[in-house]
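Please look through the structure below with this explanation beside you, and turn the view as each part is named.

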Amino acid sequence: MGPPAHRQKTAKSSQERKKGKPGKGDPEEIKGGGGGGVKLEPAVADYFRQAHETFKSGFASDEEKSLFVSNVLTEATDVALPLALDASGSLFLQALLPSASGVSLEPLLRALLPSLRPVACHPCGAHILEAALWRAPLLISGGDEEAQALEELLLDLGKGLRDELATFALDAHASFVVRTLLQVLGGARVGSDGGRGLPGSGSLRPQAKSSKVGSEGPAVFEVPASFLSLLREFKGCFQEQIADFITNKCFSLCLQVALEILHRKLPEECAELCRSLIGYLSSCNPAAEQSSLLVFLKDATCSRVLDKVLEVSDAKVLRSFYKAHVKGQLRALSAHKVANFTLQRLIQAASRKLLGRLFQELGPGLEQILALEHLGIVTALLGACRKRGAHQPEVLQLLLEAFHCWEPPARQLACAPLLASVLAYEVYFGEEEKEQESAAPPALSAISYHGSLILQHLLHFADPSLVLRSLAAMPPADLVTLACDPSGSHVFDALLASPSVSEKPRRKVLRQLKGHFLSLACSKHGSRVLDAIWSRASLPARRELAQELAAHEPQLR
């Protein structure tokens, strides 16, 4: 495909741009200017539209594809700015850049650099910069012929973002570019991309695009020393601007990625940034009786930064954080709709010693936490007890007391369905149920995601006998319901994988499924459980399973 007939006339003159009235989303509306109202000429837009169709139709060989990408990117360099800001052109460039060579990528990126602000702050242009940023380090580490030029270009781009961090990190689109750059400078991709979502704010961009850009490539890659030096400078910029922008959602997300990357690559710098963050948040109201950090724990934006601080901090910092700021306040924090999430991070990161103190405060209020449906606190506490091998009998007793099935002891046999459905004994069996042993128990109908997690953790405790007895006492139909549920099926994963579950009680539970293998085989999630059972079964057990399924061969087909 040849170049467009008049590619020299790619943009309107400045006078024509002034006459034109910008529409919604036009570059003239972009914060920072510099892009003007540049648009693709119709013939140029048609050329790239046809090129996109050709690209989507595929190529006979990688060599043919590489040549096509190189030729099209050469043409794109002459109209880099209007093409990057065009919705269709941006999608095409995003598709091309993962296959770009250094010779093709370097001039395109260089053409966009003078208009860094309008491109980065544009919903289409930001994606182009992200795709280019992800591609460049792979070419640099691979020894591409333009490696040196690309390295210098990325450093120039990074310095441009650093010098105006207050502009870029606060912009909904440019903040994604900042986060991508931080990952590139650190040579690592972070899965969280800035921690959990922002309730009520919606997604800053469609999830499909989020997963598409930068989805290819290694999770960790080599970067030059100059990148780490620039990463240090970004740390300093974030440190200087904590007071001004800590409550901004976009800045908060950038800060979270910075903390994670620094933790991986420059742990001392990360620790210093964490100290600055905690120091500022705890000093905002020195006259208050309690730490002012408690206020920020209840803020939807700041709490996410504190989540990441706790995640990347060492045991000494966590102990200090507990003693200075949240000691005696855990019950109140667990009841708060925002602060309870940060408390979960503290529990998950706690050392064995600190876990004892947290458990001492939270344990007596477990039933209240369940009543508020803050189940993440419960699963975090059980997970920490499992991980640290501490307080397991105590937390099990408190948990069953909260579900009203610890006393009398006969009720303990019913704990598995109660935990799976996250219902107290009286609710599950009904208020009118007066321990009538002859009455048939209600069928298990709904399995909670957190209930499944609770059972999984308990099956990995050092002594899972109580839960195993309860599972073995469940009616076969309830076990089938559990196995065929998206969440409940993972309970069987824990049953089969836990090193603390011996073979005899495991077989006792699985034996209950005999006669119901067809139901499992016909279920999406149940069939996965059946596969797991088969992989661990002895030869005689496999023979029985196969015989039962063979009798229903027409239904299985």
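In this predicted model, helix α8, which covers residues 125-141, packs with helix α11, which covers residues 174-186, at an angle of about 5°, and the axes of the two helices are 9 Å apart. Since angles under 35 degrees count as roughly parallel, α8 and α11 are therefore roughly parallel to each other. On the side of α8 the contact is made by A126, L129, E130, L133, W134 and P137, while α11 contributes F176, V177, T180, L181, Q183 and V184.

Which residues meet where α9 and α13 are in contact? From α9 there are E151, L154, L155, G158, K159, L161 and R162, and these meet S226, F227, L230, E233, F234 and C237 of α13. The residues of the contact of α9 with α13 divide into seven nonpolar, two polar and four charged.

Aromatic rings can also be paired with one another, and for this the centres of two rings must lie within 6.5 Å. By this rule the count comes to nine aromatic pairs. One of them is formed by Y47 and F48, whose rings are 4.8 Å apart from centre to centre with 75° between their planes, an arrangement that is edge-to-face. Is each of these two residues buried or exposed? Because a residue counts as buried when its relative accessible area is under 20%, Y47 is buried with a value of 6%, and F48 is buried with a value of 5%.

Another aromatic pair joins Y425 and F429, and here the rings are tilted, with 4.6 Å from centre to centre and 40° between the planes. Y425 and F429 both lie in helix α26, which covers residues 425-429, and they are four residues apart, which is about one turn of the helix. Y425 is buried, with a relative accessible area of 10%, and F429 counts as buried too, at 16% relative accessibility. Elsewhere, ring pairs link F55, F59, F68 and F92 into a cluster.

H391 lies in the loop between α23 (375-388) and α24, and its phi is near 60°, a positive value in a residue other than glycine. With a relative accessibility of 24%, H391 counts as partly exposed. In the loop between α24 and α25 the reader will find H404, which has a positive phi of about 60° although it is not a glycine; at 27% relative accessibility, H404 counts as partly exposed. The loop between α24 (392-402) and α25 (415-421) also holds P408, and the peptide bond that joins E407 and P408 is cis, with omega about -5°.

Helix α15, which covers residues 267-281, contains G279, a residue that counts as partly exposed at 32% relative accessibility. The C-alpha atom of G279 is separated by 9.0 Å from that of L293, a residue 14 positions away along the chain.

How many helices and strands does the secondary structure of the chain contain? It comes to 35 helices and zero strands. Of the 557 residues in the chain, buried residues make up 50%. Among the contacts between residues at least 6 apart in sequence, 74% join residues that are at least 24 apart.

Note on methods: Residues are numbered from 1 along each chain as its sequence is written. This is a predicted model: local features need pLDDT of at least 70, side-chain atom pairs count only at pLDDT 80 or more; totals for chains, interfaces and linings use all residues. Side-chain values use heavy atoms; hydrogens and water are left out. Axes are lines fitted to C-alpha atoms, for helices over the stretch in contact, and angles run from 0 to 180 degrees between N-to-C directions. Angles under 35 degrees count as roughly parallel, over 145 as roughly antiparallel, 65 to 115 as roughly perpendicular and the rest as oblique. Contact means heavy atoms within 4.5 Å. Rings of Phe, Tyr and Trp (its six-membered ring) pair if their centres lie within 6.5 Å; planes under 30 degrees apart count as stacked, over 60 as edge-to-face and the rest as tilted. Buried means under 20% relative accessible area, exposed over 50%, partly exposed in between (1.4 Å probe, protein chains only). Ala, Val, Leu, Ile, Met, Phe, Trp, Tyr, Cys and Pro count as nonpolar, Asp, Glu, Lys and Arg as charged, and the others, Gly among them, as polar.
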